[in-house]
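Colleague: I would like to learn how to read a model like this one. Please take me through a few features in turn.

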Amino acid sequence: MTDSHPKAPNHNPQSGTADPANGGPASGNPEAGAAFASQAYTAAAQEGARQEEGHHATAPRAGGTDDAAPGTDALAAAEAEKAEMKDKLLRTLADMENLRRRTEKEVADARAYAVTAFARDMLTVADNIHRALDAVPAQARAQMDDALTALIEGIELTERDLMKSMERHGVRKLSPEGGKFDPNLHQAMFEVPDPSVPSGQVVQVVQDGYVIGERVLRPAMVGVAKGGPKPAPAGQANGGTDGAA
């Protein structure tokens, strides 16, 4: 390391004057020697300062922050990529679960309603059998011989077997007579004035209705009572206890 107090060159410590052999002034001129010594000391001090600045400039920084910054950025980028990939994975799993549920529902609906068109065509057969049986009045049946009675019984058996076969495939017959009119299942064809029957009650069935699964295959065509007392609300069915409370 450079000495912080360099000695002036060309100086003879015994004589106190600069040495003329090394480029200094003659020993016979004390003032010139003093000026030369001052200049030489100043030059040496400046050279020492420059060397000291160079030493500080080339010294490594403490802590190594320049080397740590790239590693920190790479770690943050990796964590962000990990979070993004996890989010994509969870979204994909949720989409696959929703797709599985939709597929199961579509398969179940396909099984339940695959015979819808065929069942709707079979309703015409059921209607014709029912009309044939209704065409024979009760008095005529009592006077028929054994052959005609067996024929009527055979037609009734065919109708029952047809209904059982349709029920095995999810088709059910509606029996709304005596019940409350439901616009989702029934189609009102006319109104029957009858004060003894609550308004909105089905009093006559013109054509039977059918449902398949949870869907209406054909609404029932009915006649609805009009003019009777309206049904009591659900809250007043037990003597108005809800209003008293």
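**Reading the pocket and its surroundings**

Modeller: Start with the largest pocket, which holds about 190 Å³ of space. Keep in mind that the model is predicted.

Colleague: Which residues line the largest pocket?

Modeller: A residue belongs to the lining if one of its atoms is within 4 Å of a pocket point. Here the lining consists of D127, H130, R131, D134, V205, V206, Q207 and D208.

Colleague: Which element gives the largest share of that lining?

Modeller: α3 does, with four residues. Both α3 (116-134) and β3 supply at least two residues each.

Colleague: Is D208 buried or exposed, and why?

Modeller: Buried means under 20% relative accessible area. D208 has 16% relative accessibility, so D208 counts as buried.

Colleague: What does D208 touch, leaving aside neighbours within four places in sequence?

Modeller: Contact means heavy atoms within 4.5 Å. On that basis D208 meets H130, K173, R218, P219 and A220. With K173, there is a side-chain polar contact of 3.0 Å.

Colleague: Now the rings. How many aromatic pairs are there?

Modeller: For a pair, the ring centres must lie within 6.5 Å. By this rule the count is zero.

Colleague: Which charged end sits over the ring of Y113?

Modeller: For that feature, look at both distance and angle to the ring. Here R215 places its charged end over the Y113 ring, 3.8 Å from the ring centre.

Definitions and conventions
Residues numbered from 1 in each chain as written. Predicted model: local features only at pLDDT ≥ 70, side-chain atom pairs only at ≥ 80, totals over all residues. Heavy atoms only, no water. Phe/Tyr/Trp six-rings, centres within 6.5 Å; stacked < 30°, edge-to-face > 60°. Lys NZ or Arg CZ within 6 Å of the ring centre and 35° of its normal. Buried < 20%, exposed > 50% of the residue type's maximum accessible area, 1.4 Å probe, protein only. Polar contact = N/O pair within 3.5 Å; in protein donor to acceptor, adjacent residues only side chain to side chain. 1 Å grid on protein atoms, 1.4 Å probe; cavity = no way out; pocket = protein on both sides within 12 Å on 5 of 7 lines; lining within 4 Å. Points joined across faces, edges and corners; volume = space filled by probe spheres on them.
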